[in-house]
Amino acid sequence: MEEMEQPKDNVGSNENFGKFKDVESLMKAYSNLEAEFTKKSQRLSQLENENKIREKEVSRRAEIDKRVDEFVKKFDVAIPFSSALKESLASDENLSLSEETIKLITNNYKRAEDYITDDEFLNKYVYKNEKIRDKIVKDYLSQIPQNSPIKVETSGGILMSKPSVPTTIEEAGRIAKSIIKNK
């Protein structure tokens, strides 16, 4: 019967270990590789967990946005406060949208007296409104007596003709333009 060859001990043999000179350096490289793989696996697991948390937050925010958007569709008075409502709900999902809206409206409420001293409001909503400007000019012109001359300041020159009294807004505009041009 043929005798089976017993495996030889690799120590001292001339076997090929690739770029490694011996078994010991191969084992050391394998250990380093295994440690690096473990680190990468742990980092991957950590990133996957962080991603799950982000996905939950994105989903939660989308649900909050949907809830607020549906609410402001029903109650359009809440539209200017939709961003603030979304932030409030992000902090506490159990808030009542109705109660939070009432708080926001109450905190931001301005009386008419407050608006007449608010330059930003006046510039944006009053001075640029053509109907309001026309009304102011008409009221002003109606207060000027028809036969009395309009006081016109000149740069020291003598006024040679009797000033004309405008009867319409367009006429007042032309007179104002000519006065401004002549200055």
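Which residue's side chain meets that of lysine 103 in a salt bridge? The partner is glutamate 100, at 3.9 Å from N to O, where a salt bridge is a side-chain nitrogen of Lys or Arg within 4 Å of a carboxyl oxygen of Asp or Glu. The structure is a predicted model, in which local features need pLDDT of at least 70 and side-chain atom pairs count only at pLDDT 80 or more, while totals for chains, interfaces and linings use all residues. Residues are numbered from 1 along each chain as its sequence is written, and side-chain values use heavy atoms, with hydrogens and water left out.

**Within helix α3**

- Lysine 103 and glutamate 100 both lie in helix α3 (residues 97-108), three residues apart, about one turn of the helix; helices (H or I, at least four residues) are DSSP runs, numbered from the N terminus.
- Glutamate 100 is buried, with a relative accessible area of 13%, and lysine 103 is partly exposed at 46% (buried means under 20% relative accessible area, exposed over 50%, partly exposed in between, with a 1.4 Å probe and protein chains only).

**Between helices α1 and α2**

- Glutamate 87 forms a salt bridge with arginine 61, and their closest N and O atoms are 3.3 Å apart.
- Because glutamate 87 lies in helix α2 (residues 82-91) and arginine 61 in helix α1 (residues 23-74), this pair ties together parts that are 26 residues apart in sequence.
- Glu57, Arg60, Arg61, Glu87 and Glu93 are linked in a network of salt bridges.

**Another pair and the total**

- Aspartate 114 forms a salt bridge with arginine 111, with 3.1 Å between the closest N and O atoms.
- The structure holds ten salt bridges.

Terms used: Helix = DSSP H or I, 4+ residues; strand = E, 2+ residues; numbered from the N terminus.
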